Amino acid sequence: MTFIGMTPEQLTGQVQTHLVEFAPNRLLHKQVVNDFNGLQQAAKNQGFTLHIASAFRSFERQLNIWNNKYSGVVPILDKNEVAIDMTKVTEQEKLYHLLHWSALPSASRHHWGTDIDVYDPTLLPKGQSLQLQKSEYLTGGYFSELTDWLSHNIHQYGFYRPYKQDQGGVAQEPWHISYAPLAVGFLSQLDLDLISDTLINHSVLGKSLILQELPTIYEQYICNISQD
Ligand SMILES: [Zn+2]
């Protein structure tokens, strides 16, 4: 497969010209479809129903998630998944708690169409809705067999887990898989200037603090990922 670069607007989720609709409201990068189909078929052969919980997410959608948390409309959690008391933390602490769980708009890997949150709806207990929490995916959780199967099979189709463990940046996300043949190149295209230029032109809450902290955020939350 030949690597094709992305435009700044594609990389930051502001256009959808790199995508195709894989399933209703589930958009993937055109060049991911083939191998994701292969992975899905392999899963099916082993009795799993591999579904997409989330694939492409636009800049606007990520901005909405970000601003709702920053403003307190949606609670920000600490590392133990307990809502933080906004009156007891500094602006800077709030920012870093948020970044543990949510990507900066313009810097979400979900903008690329290469990154997919997966689950198996047939393994959900009756009446239980998907939470995308570690307790569902790790040992003892109802998706733990799927997690093990993914660990042994995603590489064959070009996928890996950038959030395989908590490395002091983004939280562990066993459900998040990424298509390496494209995503590795896309990450190297996403530089500090592109992120700051994009943020400057939008109403992002916490903007001045974000811009001030951007070199740290870039290292600790964007580049600091598992390599396998
Ligand atoms: Zn994800």
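A residue counts as buried if 20 or more other C-beta atoms lie within 10 Å of its own, exposed if 12 or fewer, and partly exposed in between. I wrote that down before anything else, and also that this is a predicted model.

**Entry: glutamine 16**

I found glutamine 16 in the loop between helix H1 (8-11) and strand S1 (19-23). Is glutamine 16 buried, exposed or partly exposed? I got 14 C-beta neighbours inside 10 Å, so glutamine 16 goes down as partly exposed.

**Entry: leucine 187**

Leucine 187 sits in helix H7 (residues 180-189).

**Entry: the core**

Next I went for the largest nonpolar core, which has 48 residues. Which residues have the most contacts inside it? I noted Leu28, Leu39, Val118, Ile177 and Phe186. Helix H9 gives the most to this core, with 4 residues.

Leaving aside its neighbours within four places in sequence, I have valine 118 in contact with Leu50, His51, Ile52, Ala53, Trp175 and Ile177.

**Entry: H8 against H9**

Helix H8 (residues 192-200) packs on H9 at an angle of about 165°, and their axes are 11 Å apart. Angles over 145 degrees count as roughly antiparallel, so that is what I called H8 relative to H9. The crossing of H8 and H9 is right-handed. On the H8 side I listed Leu192, Ile195, Ser196 and Leu199, and on the H9 side Lys207, Ile210, Leu211, Leu214, Pro215 and Tyr218. Sorted by class, this contact has 8 nonpolar residues, 1 polar and 1 charged.

**Entry: H4 against H9**

How do helix H4 (residues 91-101) and helix H9 (residues 207-223) pack? I have an angle of about 40° and axes 12 Å apart, which makes H4 oblique to H9. H4 passes H9 in a right-handed crossing. H4 brings Glu91, Gln92, Leu95 and Leu99 to the contact, while H9 brings Leu209, Ile210, Glu213, Ile217 and Tyr221. My class tally for H4 with H9 is 6 nonpolar, 1 polar and 2 charged residues.

How values were computed
Residues numbered from 1 in each chain as written. Predicted model: local features only at pLDDT ≥ 70, side-chain atom pairs only at ≥ 80, totals over all residues. Axes fitted to C-alpha atoms, helices over the stretch in contact; angles between N-to-C directions. Helix = DSSP H or I, 4+ residues; strand = E, 2+ residues; numbered from the N terminus. Parallel < 35°, antiparallel > 145°, perpendicular 65-115°, else oblique. Left-handed = near helix turned anticlockwise from the far one by under 90°. Contact = placed C-beta atoms within 7 Å. Nonpolar A, V, L, I, M, F, W, Y, C, P; charged D, E, K, R; others polar. Core = buried A, V, L, I, M, F, W, Y, C linked by C-beta atoms within 7 Å.
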